[in-house]
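Subject: Handing over a protein structure

Dear colleague,

I am passing this structure on to you, and I would be glad if you could look through it before reading my notes. The sequence and the structure are shown just below.

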Amino acid sequence: MHERLSTITGMPAQAVARLLASGGNSPTPDLRRRITEAERKWDRLDQLHRSARHRRQADERSLNDSAERDVARVLFHGLEPHSCPRCDTPISEQRRREERENHRCAVCTSDLSATASEAAEPEIAARLRLASSEAAETAALGRLRGAEVALAELVAELTVPPRPRSGDNPTGTPAPDRRR
């Protein structure tokens, strides 16, 4: 967090860390409370962003897996095997005829009448999930950046010298007590 605040404020990360630790020039309880709340909010939003990024990455992997399955399906549909790829048992002419006439797989006898749109449904669902998780990640990143800017503004307040109070001399130090 200090590195990101350093980028926003233009201060070195070590200076940001020191300001946050020391309270800087403005150790008022209200400012310290606001900074603490802003740091907590930033931590929560950072976790939400990380979670959204992990979800998006998982959805990207899922879409890639679906696309690879589709490529494999197209490849295997174009094959004309002479024997079972598992046990090398020859495929009979009867099974080949069943495949042509009744759309039954010559290797495993499964129904091959599934339409191309049914085969595309998993990829469509994966694309929709990915679009949703990309939008969620973008929104989470936007909220995180907003929290960073708010926190950076509070950190910048720590560098502002305290305002003179009434009775203080112009240098900002309290006036000597003249009641003696």
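What follows is a description of the fold as a whole, and then of some of its parts.

Please keep in mind that this is a predicted model, in which local features need pLDDT of at least 70 and side-chain atom pairs count only at pLDDT 80 or more, while totals for chains, interfaces and linings use all residues. Residues are numbered from 1 along each chain as its sequence is written, and side-chain values use heavy atoms, with hydrogens and water left out.

The overall picture

The protein has 5 helices and 0 strands, where helices (H or I, at least four residues) and strands (E, at least two) are DSSP runs, numbered from the N terminus. Read from the N terminus, the order of elements is therefore α-α-α-α-α. Of its 180 residues, 23% count as buried; here buried means under 20% relative accessible area, exposed means over 50%, and partly exposed lies in between (1.4 Å probe, protein chains only). If one takes the contacts (heavy atoms within 4.5 Å) between residues at least 6 apart in sequence, 60% of them join residues at least 24 apart.

In helix 2, which spans residues 13-22, the residues Ala15, Val16, Leu19 and Leu20 are buried. They lie on the same side of helix 2, because they cover an arc of only 135° around the axis, as judged from the directions from the helix axis to the C-beta atoms. Gln14, Arg18, Ala21 and Ser22, on the other side of helix 2, are exposed.

Leu75, Phe76 and Leu79 make a nonpolar surface patch of about 320 Å²; patches are made of residues with over 30% relative accessible area and no salt bridge, with like charges joined within 9 Å and nonpolar side chains (Val, Leu, Ile, Met, Phe, Trp, Tyr) within 5 Å. Of these residues, Phe76 lies in helix 3 (residues 29-77), and Phe76 counts as exposed because its relative accessibility is 54%.

Arg96 is found in helix 4 (residues 93-102) and, with a relative accessible area of 16%, is buried. A polar atom of the Arg96 side chain lies 2.6 Å from the backbone oxygen of Pro81. Once neighbours within four places in sequence are set aside, Arg96 is in contact with Glu80, Pro81, His82, Ile91 and Ala106.

The loop between helix 4 and helix 5 (116-157) holds His103, whose phi is near 55°, a positive value in a residue other than glycine. Thr109 is found in the loop between helix 4 and helix 5 as well, and its phi, near 65°, is again a positive value in a residue other than glycine. His103 is partly exposed at a relative accessible area of 43%, and Thr109 is partly exposed at 32%.

Salt bridges

Side chains of opposite charge can pair when their charged atoms come close. A search of the whole structure finds 12 salt bridges, each being a side-chain nitrogen of Lys or Arg within 4 Å of a carboxyl oxygen of Asp or Glu.

One of them joins the side chains of Arg34 and Glu157 (3.1 Å, N to O), and this pair links distant parts of the chain, with Arg34 in helix 3 and Glu157 in helix 5, 123 residues apart. Arg34 is partly exposed, with a relative accessible area of 29%, and Glu157 is partly exposed, with 32%.

Another is formed by Glu137 and Arg56, whose closest N and O atoms are 2.4 Å apart; this pair also links distant parts of the chain, Glu137 being in helix 5 and Arg56 in helix 3, 81 residues apart. Both Glu137 and Arg56 are buried.

Glu93 forms a salt bridge with Arg100, the closest N and O atoms being 3.3 Å apart. Salt bridges that share partners also join Asp30, Arg33, Arg34, Glu37 and Glu157 into one network.

Terms used:
Areas by Shrake-Rupley, 256 points an atom, 1.4 Å probe, with all protein chains shown as cover. Polar contact = N/O pair within 3.5 Å; in protein donor to acceptor, adjacent residues only side chain to side chain.
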